[in-house]
Amino acid sequence: MRKGKARQAKKKSRAPERRKVRRVSPVNEEARVAVLVALRRAAGRGASLAQLGVRRNDDARHRALRALVGAGDAVVFGDGRDALAILADRAPSKEALAKKIDARASLKRAAVLGREDMAAWCSAAEEYLLDAALRSLVKSGRLVALRRGGSVLYGHADSLGAKGPMPPAAPPPPEPPVAHEPRFRIIGAYRRLVEQGGFSDVVIADLRREAGMAQEELAAWLLEQSRMGRAHLGRGDWSLADDAARQAAVTAAGEPHLRVRLVI
Amino acid sequence: MADGNSARDQPNPFEDNIVFEPRRVERPVAGLNDAALESLAARVRPLLAPPRPRTESRLSHAVLVTSVEPGFGKSHLIGRLLSRLGGEATLVYVRPFQNPAACWRSILLRTVQELDYPEGGPSGPTALDSLACHVIADLVARAMRAGLVEGGDREASARHVLSDPVRVLGGQDEVWSGWLRQEFGNLLPFMESELRRAGLNLQALSGSWLRAFFHYIYSREDFQRRTMCVDWMKGESLDSGEVEELGIRPSDLPRPEDSASELNDLCKGRLFDLCALAGFHRPFVFCFDQTELYGDDAELATVFGMVVAEMVQNGLNQMTVVTANLDPWTRLILPRLQLAYRDRFATPPVELDGLDIGQARELAGRRLEERKVDEATAKAFLSAEWLGGVFAEKQRHGARHFLQACRSRWESMAGRHMAAAPEEGLAETYARIASGLGQKPKRLQYEPDILQWLVQEVARGWRGVVISAHRHPRGYFSVQWDLPGRRAVFGFEGGTNWRRWEGIVRESAMLSEGARAAGVVAKSVFLRVRRHPPVPGPWKIAPEIEVAKRSHMHVFRLTDLQLAHIYAAHELYANAVQGDIAASGAEVMAFVRARLEAFWQRLVESPGATVAGEPSEIFAREPEEALMDEVHVMVRDALFIGLGHLAARLSRPWGDGAILEACRHDPAIEVVRGDGAVVLRWRTHD
């Protein structure tokens, strides 16, 4: 007891100014932009810390990456030097991966698959989610886990031909939106264009190209958003627009609009 | 439709939808672009922080204000900023310069014109009075605190001088003003030293600035001396007598033989000196507007970028604001700016919003109320059905676009068709702008960039004239016209330094002789304004200049009426290029070119030639300069005078017709006709 009290007394006597204060350095804008550019280039593959130019923990690019993660713009899988960073709107989800595994495994009739076989179907980012996806597929009965010695093999419920009536599968949980849905593609593309150009009102033709969408689909979506006040169409300057810009114009209130600002 | 009768009986409340004068803006709509205004005001705030003088106040970036299309309220925002700052800043509205080699001259000229304009009315102090008084008051207070001034409580005296420098030292307080007039010479060495010690890196000697300020303050009744001070600040040459009178150091004067580039650099130095000295008083806000016009020329756009970069780098106590519509900016200007210049703009830019339905209702409702539209008509006009329809597919509209929709709706309610083919609309708009400018003496100052634009751009295509740049090493001439058998070279010389004009006359003679050898009749043309003193003045080379004016040198002293129409043409073009009116820039150019037919002819004919034209054609001829000057001064001094009385007091029997023609060309004079009497009234302008 005495020792403990002595230890406590020693702690209290330490002068406040001798405590280390962790300084929080601001995010360097140049580093932030560099990290974003690298992540965009990497797209769905993701980028390692080395590929992002992170040399050591807490350097400018590392801080920039942390800030992006904090803001919800990027996701990091894994940790340490093997971590993989990817833009949020390109990041895979457990549910999407589970669907993919389910679909592919169902094609492998009368085959049992090891984890490595299914890992071969995954991108580097998806592989981080593989175990969780497999657990959810086993839980839902889409995969059957088989033990062989120390290893686990999986068989698809369809190809194994379970004897007897299968209990009805629980209804799958509602799926969260996945990155390839139009809204996310458009918003992701919009964010990239704003980041590159510096202006909130982007050219609709550029948005279409960046999102990789058909004109009709994009125009319909933009018009719907405009009606709801989530997109503000701008007429721009028709005389300065090239053919591509004019063709991508969205007509609203009887006039063609060359630009749009999304409310996000 | 309910109350169509009311609508038909009243003028359209939504007729005027373009802000021509940002200083006079409509009351803002609640919430619209408040964030943009706050952003701008916040950026200026560091420039207002005490204590004075602010010797190191510098903003790190210029501000870009953009809108996705015209009519979102950029000019309105600048006007709101000025109101918001409430006299704590000097706004300088910079229109696009036309001559890249004289860009700084152009900006300095606008700045000094702005400073030299009375703020509170024709007899009130100017912004330059305020600046000069604040600089001198600060230095005088230091002298008092240092014990250099005998008698009285040092600190109390210093505080008194600083309490209201314009009133105490600017002439209202006769005791103190008289004291300073007497003691200025004694205090000057100390003041010069203190100004240097303040850490301001002035290009001109501190003594020259102090002398210019002192003479400016105490020359309110001496127009010539005051003009000398202003000319020096504009970077103009002064003759030796003027130099001696003011006490300016010769090293701080441009030399007549200086090249155009040297003159431009000197003007840049003057401008940054003014910015530095603004630390004693209030900062500048330089607003570069109508930037679409820089898109016409790659060199202009590049130089514009350089100008903004240098303003940010070297301009103390100032905020540079650039307003632009997004497409012209991103497609025409930005690609021509060097990367280093682009980085001088703050990111993100200030981006304007459109109106939402509530704001639209408020804006239209206020306009109806101001125009005294009855309640029933107003209610019918702003029906939920109509407004809901306007905002069905878009939740935000540009303010001007919405007001245009209101204009159409009003006409529809009144059972009238909307005007007009573009040409008809152009004529009306042009006349309206010219009339408006005629009522604003401040807008009728010398603007060499607009005059150069006129002869360089508008005249293209007139009778096959070939227009080229004429880059004279001393900046005497800028533009050249060539027609079969004829040549005209244009200069935009605002100064009245006789030595410089001596050089100009000699160059003009050489040009004329050289062209004659090639079988071409050539002349030089100078476009000046009525505010410029006549050329020649009482100079020893006056006879030589008079001879030149009869043969190869044509000096126009444009009347205010002509100037109003020329500036209206530029305003009309700028509105077209910015998308503020339905017509295109090309349509406006063609329209203006046709309107100025008589003027083009006079520009190419020999100086004394008469050009045919209707008596009402204002560009076919001007009244005699001497007559115009006399009439202007007499009516200004009398405020209200009968035609007969005035005629009797003139130096020559000009005749009533000539006098009335002189009045027609002077928008400051109103001709009032009564029963058998004609009275000339001096207009009181705001």
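This is a predicted model: local features need pLDDT of at least 70, side-chain atom pairs count only at pLDDT 80 or more; totals for chains, interfaces and linings use all residues.

User: What makes Ala253(A) count as partly exposed?

Analyst: Its relative accessibility is 37%. Buried needs under 20% and exposed over 50%, so a value in between is called partly exposed, and Ala253(A) gets that label. Ala253(A) also has a positive phi of about 50°, although it is not a glycine. Most residues other than glycine have a negative phi.

User: And why is Arg463(B) called exposed?

Analyst: Arg463(B) comes out at 54%, and the cut-off for exposed is over 50%, so exposed it is. Arg463(B) is in the loop between α21 (448-458) and β6 (466-469) of chain B, and has a positive phi of about 50° too.

User: Why is the pair of Trp386(B) and Phe402(B) called tilted?

Analyst: First, the centres are 6.1 Å apart, and the limit for a pair is within 6.5 Å, so the two rings do pair. Next, the planes are at 35°. Stacked needs under 30 degrees and edge-to-face over 60, so this pair is tilted. The pair links distant parts of chain B: Trp386(B) belongs to helix α18 (residues 384-390) and Phe402(B) to helix α19 (residues 399-413), 16 residues apart.

User: How do you know whether Trp386(B) is buried or exposed?

Analyst: Its relative accessible area is 17%; buried means under 20%, so Trp386(B) is buried. Phe402(B), at 1%, counts as buried as well.

User: What makes Arg226(B) a charge over the ring of Tyr216(B)?

Analyst: Arg226(B) lies over the face of Tyr216(B), at 3.8 Å from the ring centre, and the distance limit is within 6 Å. Both residues are also part of the contact of α9(B) with α10(B), Tyr216(B) in α9(B) and Arg226(B) in α10(B).

User: How are those two helices arranged, and which residue types make up their contact?

Analyst: Helix α9 (residues 206-217) and helix α10 (residues 223-233) of chain B pack at about 145°, with axes 8 Å apart, in a left-handed crossing. The contact residues divide into nine nonpolar, two polar and two charged.

User: Which peptide bonds are cis, for example at Pro348(B)?

Analyst: One joins Thr347(B) and Pro348(B), with omega about -5°. Another runs from Val535(B) to Pro536(B), with omega near 5°.

Key: Residues are numbered from 1 along each chain as its sequence is written. Chains are lettered from A and ligands numbered from 1 in the order in which they are written. Side-chain values use heavy atoms; hydrogens and water are left out. Rings of Phe, Tyr and Trp (its six-membered ring) pair if their centres lie within 6.5 Å; planes under 30 degrees apart count as stacked, over 60 as edge-to-face and the rest as tilted. Helices (H or I, at least four residues) and strands (E, at least two) are DSSP runs, numbered from the N terminus. Buried means under 20% relative accessible area, exposed over 50%, partly exposed in between (1.4 Å probe, protein chains only). A charge sits over a ring if NZ of Lys or CZ of Arg is within 6 Å of the ring centre and within 35 degrees of the ring normal. Axes are lines fitted to C-alpha atoms, for helices over the stretch in contact, and angles run from 0 to 180 degrees between N-to-C directions. A crossing is left-handed if the near helix is turned anticlockwise from the far one by less than a right angle, and right-handed if clockwise. Contact means heavy atoms within 4.5 Å. Ala, Val, Leu, Ile, Met, Phe, Trp, Tyr, Cys and Pro count as nonpolar, Asp, Glu, Lys and Arg as charged, and the others, Gly among them, as polar.
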